[in-house]
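Here is a briefing on one structure, for a reader who wants the contacts and the geometry. Have the sequence and the coordinates open alongside.

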Amino acid sequence: MAVSKIVQLPTANRARETHEPPSIAVARRHHATELVVRNVSKSFNIDRRPLPVLQDISLVAQPGQFITIVGASGCGKSTLLRLIAGLDRDFEGEILFGGRPVSGPSLDRGLVFQDHRLFPWLTIEQNIASAFSSRPIDTATKRLLVKDHIALVGLNGFEKAYPHQVSGGMAQRAAIARALVNEPDILLLDEPLGAVDALTRLYLQEELQRIWLQKGVTMIMVTHDIEEAVFLGDQVIVLQPRPGRISKVIDVGLTQPRDREDSRILKLKKEILGEFHNPAPINYSI
Amino acid sequence: MNKHKARFPHLPDLRGTVPLALIFFVWALKGHEASGPLFQDASIGAVFDTGLDLVKSGALWENYRASLLRVVLGFAIGGSIGTAIGLLLGVSFWMDRLFGPLLTALRQIPIFGLVPLLGLWFGMGESAKLALVALAAFFPMALNTYESVRNLPTAYREVAALYRFKLLYRLRFVLVPYALPGVLTGLKLALSFAWISVIGAELFLSAAPGLGNLLEAGREQFRIDMIVLGILLVGGTGWAMNAAVTALERHLLRWRPAFS
Amino acid sequence: MQLSPAFGWLLKRLPSLLSPFILIGVWELVAQTHLFAANILIPPQQVFRTFLDLLADGELIDNIEASGARVLSGFAIGAGAGLIAGMAMGLYPALERYFGLLFTVIRQVPFIAWAPLLIVAFGIGETFKIIIIANAAFFPVALSTLDGVRNVPRHLKDVAALFRFDRLALMRSLVLPAALPSILTGVRLALSRSWMIVVAAELFAASSGIGHMMDWGRQMFQIDVVMVGVVVTGVVGFILDQMLRQVEAHFSSWKLPSR
């Protein structure tokens with residue numbers, strides 16, 4: 001029945017439970033791929049003058065890690081995510097996923113945008129199911145996976161609703177479900193909570209944390225909210241703008257789930273805030 | 001502030017019918033006094049009687065059916081070609097670049113301005129009429145389809161890329177639903193233009209059964225009753241066609257948030 | 001590769017600039033093959049030559065003027081009435097309740113279907129043409145004015161009430177400017193339609209005007225004259241439309257995107 005209720009530990013090489021029905025096992029993917037970003041730079045051409053957006057970005061995401069990237073507007077964080085997702089292939093440097101260079105979008109790498117981008121003419125259910133459209137899975141498995149993920153993001157009862165009938169927060173949750181239903185090895189989130197109100201945002205942060213603990217998928221999240229970054233991330237990467245470059249990498253070192261009031265979180269927040277007042281660019285290379 | 005609703009909350013708002021009722025009464029009273037021996041009876045009774053006569057003799061249906069056939073056929077031809085061209089131009093970057101401005105320019109030519117030209121090309125008979133109707137339906141369909149298709153937001157394109165949608169799936173579940181509202185608006189416009197051009201074609205080109213023919217006959221014989229009958233039928237059919245497409249719209253687009 | 005800016009601009013624009021030439025080119029080719037009889041398809045240069053002839057002997061200008069005069073009168077009456085009606089209904093909603101249905105009913109009848117009735121009533125002179133044009137110009141202007149007046153943002157009306165504007169001041173400094181973009185759209189549509197309709201009205205019976213010129217050309221089997229008429233009608237319509245779009249854009253420059 002409930003297949004994905006097994007709490008998965010956020011480390012590599014998790015022992016595979018063997019009492020899954022074979023069809024589900026086919027749909028599952030092996031969560032052991034590492035993402036390596038090495039010396040990535042990118043510039044846009046505005047009026048035939050190059051505008052550097054990213055400069056020499058390097059990072060490594062271990063399987064199951066939750067990495068947050070924090071920075072002000074214009075520091076290229078969205079661009080970085082789009083490069084990792086494969087939506088943009090024009091850059092210098094290397095992006096390797098599972099040892100192979102990224103050359104375009106793939107169902108192994110999911111992306112959640114700031115605007116939910118659900119199709120208004122499909123119900124929540126249909127929107128989530130659209131993620132499967134290019135895969136030859138049988139209908140019964142699809143239905144089960146969709147049902148599971150609707151439960152995962154807490155949208156039970158809203159399967160047949162249209163996007164305009166649910167709140168912004170709920171639509172975003174549906175978008176997250178859509179991104180997760182293919183069981184990607186890594187989930188990229190581009191300011192996913194930027195478009196919701198402050199109260200919903202706090203709630204959704206906790207939901208995100210719960211989902212991550214349950215699924216164990218690697219997550220890279222971009223945000224401009226420092227507290228959010230520290231609350232959710234195992235590792236926080238601080239990006240300075242114009243051009244976007246890494247100025248600090250902080251290992252949070254606190255167990256998940258976390259308490260928002262934890263003084264250590266507040267201390268880290270202060271430290272990062274200081275970064276923005278006195279940036280010290282570090283060349284973080286592997 | 002709707003004072004009427006405030007004062008009479010349980011009565012439906014029938015104030016709109018007041019001017020119509022007034023016209024009706026004036027017509028009923030004065031219709032018998034239509035000026036001069038040239039004018040046949042222009043009273044309501046006359047219209048009614050004439051209507052009955054025409055229905056009984058089958059002439060009304062013969063004319064009405066001819067017009068309906070023209071609009072259906074012309075719209076089918078012009079509309080389908082228009083949709084195809086609009087789709088092609090909307091989807092293909094190069095076709096858009098090459099022919100887009102041409103399309104927008106050609107639409108500036110008033111449809112009835114083409115009557116003399118079509119008259120020379122096709123003669124003044126049925127083919128010219130059909131060509132006119134088809135052309136009238138072509139442009140709104142082509143332009144609206146074109147606009148709707150090429151406007152597909154990058155946001156949706158990127159989602160389609162991310163989830164590796166296949167071409168057929170993309171067409172059916174992304175492009176078509178997105179473009180449908182615009183296409184339906186184009187459909188309404190095309191149908192309305194087609195209907196107008198049917199009447200115009202029947203008035204300008206050779207005589208043949210049709211509502212335009214009814215109007216023209218009424219004009220020649222100074223029979224206001226025939227003309228009024230014709231106007232009622234033409235207007236009524238136009239309204240019915242519009243209402244039908246609106247109902248279709250409401251059904252196909254039920255996913256849309258309702259507007260007040 | 002660095003291209004000079006002018007070349008880059010041209011490269012981008014080239015395909016769209018090409019399209020009218022493609023049309024003329026294909027036209028020329030087909031005409032050369034003599035696939036169609038000479039009275040059905042004539043080569044572009046002949047059309048151009050006839051255009052110059054008509055221009056030279058003043059016939060073209062006279063006809064354009066005649067059509068233009070009709071459009072102007074009909075449009076002025078219709079648009080003016082539409083403006084007043086739209087404003088009145090917008091400011092006094094009761095009026096809209098009474099007359100809205102009547103207008104909708106009249107609107108359902110295609111403009112061309114009114115012609116026989118109007119000809120019976122007024123004969124085949126100028127009057128019926130001007131009435132038809134006025135009728136066609138009335139509705140777009142009335143509807144868009146009504147829309148513009150009704151949609152004056154609520155908070156602006158509240159500010160005006162706070163400052164205790166009297167009716168006239170309210171109209172002048174608030175309603176009119178706020179509704180102007182909408183009104184101008186309606187005016188543009190009405191003018192477009194008026195131009196289209198005058199050509200049709202002239203086909204009924206006229207001794208002057210572009211429509212008359214085309215019909216006469218048809219009767220004389222002079223397809224070149226007809227084609228000149230077609231091109232001129234299209235071009236004039238296009239110019240009118242573009243001019244009004246500029247005016248519209250100019251007056252809408254302050255407009256903030258709604259919602």
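The points below cover a chain interface, a helix pair and a sheet.

This is a predicted model. Chain C meets chain B through 48 residues on each side. Within chain C, H2(C) packs on H10(C). Chain A holds an open sheet of 4 strands.

**Interface of chain C with chain B**
- In chain C, 48 residues contact 48 residues of chain B.
- Six helices of chain C each give at least two residues to this side: H1 (5-32), H4 (93-108), H5 (114-122), H8 (167-204), H9 (210-219) and H10 (223-251).
- H10(C) supplies the largest share, 10 residues.
- The side of chain C that touches chain B counts 33 nonpolar, 11 polar and 4 charged residues.

**Helix pair in chain C**
- H2(C), residues 44-56, and H10(C) pack at about 80°, with axes 9 Å apart.
- That angle makes H2(C) roughly perpendicular to H10(C).
- From H2(C) come Gln46(C), Val47(C), Thr50(C), Phe51(C) and Leu54(C); they meet Asp224(C), Val225(C), Met227(C) and Val228(C) of H10(C).
- By class, this contact has 6 nonpolar, 2 polar and 1 charged residues.

**Sheet in chain A**
- The strand order is S2-S1-S4-S5, with antiparallel pairing.
- S2 (49-61) and S5 (100-101) of chain A are the edge strands, each with a single partner, so one side of each has no neighbour in the sheet.
- S4(A), residues 92-97, and S5(A) run antiparallel and are joined by 2 bridges.
- Leu96(A) has Pro101(A) of S5(A) as its bridge partner.
- H2(A), residues 77-85, lies across S1 (35-46), S2 and S4 of chain A, at about 120° to S1(A).

Definitions and conventions: Residues are numbered from 1 along each chain as its sequence is written. Chains are lettered from A and ligands numbered from 1 in the order in which they are written. This is a predicted model: local features need pLDDT of at least 70, side-chain atom pairs count only at pLDDT 80 or more; totals for chains, interfaces and linings use all residues. Two residues are in contact if their C-beta atoms, placed from the backbone, lie within 7 Å. Ala, Val, Leu, Ile, Met, Phe, Trp, Tyr, Cys and Pro count as nonpolar, Asp, Glu, Lys and Arg as charged, and the others, Gly among them, as polar. Axes are lines fitted to C-alpha atoms, for helices over the stretch in contact, and angles run from 0 to 180 degrees between N-to-C directions. Angles under 35 degrees count as roughly parallel, over 145 as roughly antiparallel, 65 to 115 as roughly perpendicular and the rest as oblique. Two strands pair if DSSP finds at least two bridges between them.
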